[in-house]
Structures are given as structure tokens and as C-alpha cells.
Amino acid sequence: MHVFTPKRCATANKVMYRSQQTAQSEANRLSIERNVDLWIYHCEYCNTWHLTSHLPQTAWTKVPLNQQLKPHSRKRGYKPRRR
């Protein structure tokens with residue numbers, strides 16, 4: 001007996017859907033079957049569609065390197081400089 005194994009994205013390790021309609025229909029089916037809210041988004045790495053349980057508005061966004069926060073020192077007694 002053959003079991004269908006869907007292709008997965010190498011970057012996100014999520015199931016890849018070729019079109020927006022198939023991803024939306026799968027999200028609707030899973031929301032009824034498992035009683036969860038799912039959204040779809042377009043992956044910029046593999047150029048396909050994925051499902052997510054996170055709201056699209058609060059999804060991770062790419063921040064330019066020069067705008068990222070620098071890590072703080074974890075030394076005992078460390079006080080950041082005032083500017």
C-alpha cells in the first residue's frame with residue numbers, strides 16, 4: 001500500500017501547496033476537522049504556499065541588519081551607557 005508523503009519546504013519544513021486555492025481549501029478542511037484557525041501565506045524561499053497558525057499581521061518580518069537590536073551583555077553589574 002502506498003502512503004502519500006507531501007513535499008516539504010527546505011527552509012520552513014512546512015507542507016508546500018502549489019496554488020493559493022489548494023492551500024485555502026486545505027486550511028478550511030483542517031479547521032473543520034481539527035477545530036483550529038489556520039491562515040495561508042506565500043513563501044518567498046520556495047515560491048509556494050504554506051499554512052500557519054499565527055496571524056498574518058503578527059508574522060515574523062525581515063529587519064535590516066543595521067536596524068536590529070544589539071545583544072546586551074550578561075555580565076554581573078553591567079549597566080548600559082546613557083546617551
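H50 lies in strand β2, which spans residues 49-52, where helices (H or I, at least four residues) and strands (E, at least two) are DSSP runs numbered from the N terminus. The model is predicted, and for this reason local features need pLDDT of at least 70 and side-chain atom pairs count only at pLDDT 80 or more, while totals for chains, interfaces and linings use all residues. Residues are numbered from 1 along each chain as its sequence is written, and side-chain values use heavy atoms, with hydrogens and water left out.

The secondary structure of the protein amounts to 1 helix and 2 strands, arranged from the N terminus on in the order α-β-β. Strand β1 (residues 39-42) runs antiparallel to β2 and is joined to it by 4 bridges, two strands being taken as paired if DSSP finds at least two bridges between them. Within this pairing, H42 stands opposite W49 of β2. The hairpin formed by β1 and β2 has 6 residues between the strands, and N47 there takes a positive phi near 60 degrees.

In a regular strand the side chains alternate between the two faces of the sheet. In β2, W49 and L51 point one way, whereas H50 and T52 point the other way, and all are buried. H50 counts as buried because its relative accessibility is 0%; buried denotes under 20% relative accessible area, exposed over 50%, and partly exposed the range in between (1.4 Å probe, protein chains only). Over the protein as a whole, buried residues make up 16% of the 83 residues.

The surroundings of H50 include C9, K14, V15, M16, W39, I40, Y41 and C43, all of which it touches when residues up to four places away in sequence are not counted, contact being defined as heavy atoms within 4.5 Å. With V15, a polar atom of the H50 side chain lies 2.9 Å from the backbone oxygen.

Q20 belongs to helix α1, which comprises residues 20-34, and it counts as partly exposed because its relative accessibility is 40%. Although Q20 and H50 are 30 residues apart in sequence, their C-alpha atoms are 8.9 Å apart in space. Residues up to four places away in sequence not being counted, Q20 touches I40 and W49; I40 is also among the residues touched by H50. For the protein, 37% of the contacts between residues at least 6 apart in sequence join residues at least 24 apart.

Notes:
A polar contact is a pair of N or O atoms within 3.5 Å; within protein, one must be able to donate a hydrogen and the other to accept it, and residues adjacent in sequence count only if both atoms are side-chain atoms.
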